[in-house]
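Here is a quick tour of a protein chain for someone meeting it for the first time. Have a look at the sequence and the model, then read on.

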Amino acid sequence: MMNASDLPDSLQRFIQDNVPTFQSVEILLFLARHPGRKWPAGEIVEAIKPSVFTVSAVKEHLVHFRQRRLLAGDFDGGFAFSPASGELQAAVDELAVAYSERPVTLIRTIYALTENKIQSFADSFRLKKE
């Protein structure tokens with residue numbers, strides 16, 4: 001079982017609030033490595049190879065990150081990394097370090113945090129005895 005101290009608390013909170021999957025990390029970090037450039041979804045799919053992404057999945061992640069104020073843009077002009085605050089920039093920098101130095105820990109953390117969300121969602125549909 002993952003120990004809560006495996007990644008900094010600030011990064012765990014960022015992941016819990018902003019990162020739905022490990023694939024989304026790859027998309028976000030790709031855009032962060034190219035600040036200022038706007039990317040259409042199809043070009044992101046091509047550029048991230050050999051990872052396998054569909055254009056529709058990339059579009060979902062782009063909208064997700066734009067809603068969380070990490071990206072700017074739209075489907076017509078493309079999306080660019082544009083964190084709305086220094087705090088978001090620092091969190092993405094921290095995410096990049098974990099991605100390059102501790103990828104297995106990062107994957108486990110994302111899975112553990114996502115698993116909790118999925119279980120909580122599933123539990124909301126349980127029939128309760130009255």
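A residue counts as buried when its relative accessible area is under 20%, as exposed when over 50%, and as partly exposed in between (1.4 Å probe, protein chains only). On that scale, 33% of the 130 residues in the protein chain are buried. Keep in mind that this is a predicted model, where local features need pLDDT of at least 70, side-chain atom pairs count only at pLDDT 80 or more, and totals for chains, interfaces and linings use all residues. Residues are numbered from 1 along each chain as its sequence is written, and side-chain values use heavy atoms, with hydrogens and water left out.

So what's in the fold? The chain has 6 helices and 2 strands, taken as DSSP runs numbered from the N terminus (helices: H or I, at least four residues; strands: E, at least two). Along the sequence they come in the order α-α-α-α-β-β-α-α. Contact means heavy atoms within 4.5 Å. Take the contacts in the protein chain with a separation of 6 or more: 59% of them join residues 24 or more positions apart.

Next, a pair of helices. The axes of α2 (residues 22-32) and α4 (residues 55-67) come within 10 Å and cross at roughly 65°; axes here are lines fitted to C-alpha atoms, for helices over the stretch in contact, and angles run from 0 to 180 degrees between N-to-C directions. That makes α2 roughly perpendicular to α4, a label for angles of 65 to 115 degrees. Where do they meet? Ser24, Ile27, Leu28 and Leu31 in α2 touch Val58, His61, Leu62 and Phe65 in α4. Sorted by class, this contact has 6 nonpolar, 2 polar and no charged residues. Nonpolar covers Ala, Val, Leu, Ile, Met, Phe, Trp, Tyr, Cys and Pro; charged covers Asp, Glu, Lys and Arg; the others, Gly among them, are polar.

Ala32 also lies in helix α2. Ala32 is partly exposed, at 21% relative accessible area. Leaving aside residues up to four places away in sequence, Ala32 touches Phe81 and Val92. Ala32 and Asp93 are 61 residues apart in sequence, yet 8.7 Å apart in space, C-alpha to C-alpha.

| Spot | Backbone value | Loop |
|---|---|---|
| Lys49 to Pro50 | cis peptide bond, omega near 20° | Pro50: between α3 (41-47) and α4 |
| Arg69 | positive phi of about 65°, not a glycine | between α4 and β1 (71-74) |

How values were computed:
Angles under 35 degrees count as roughly parallel, over 145 as roughly antiparallel, 65 to 115 as roughly perpendicular and the rest as oblique.
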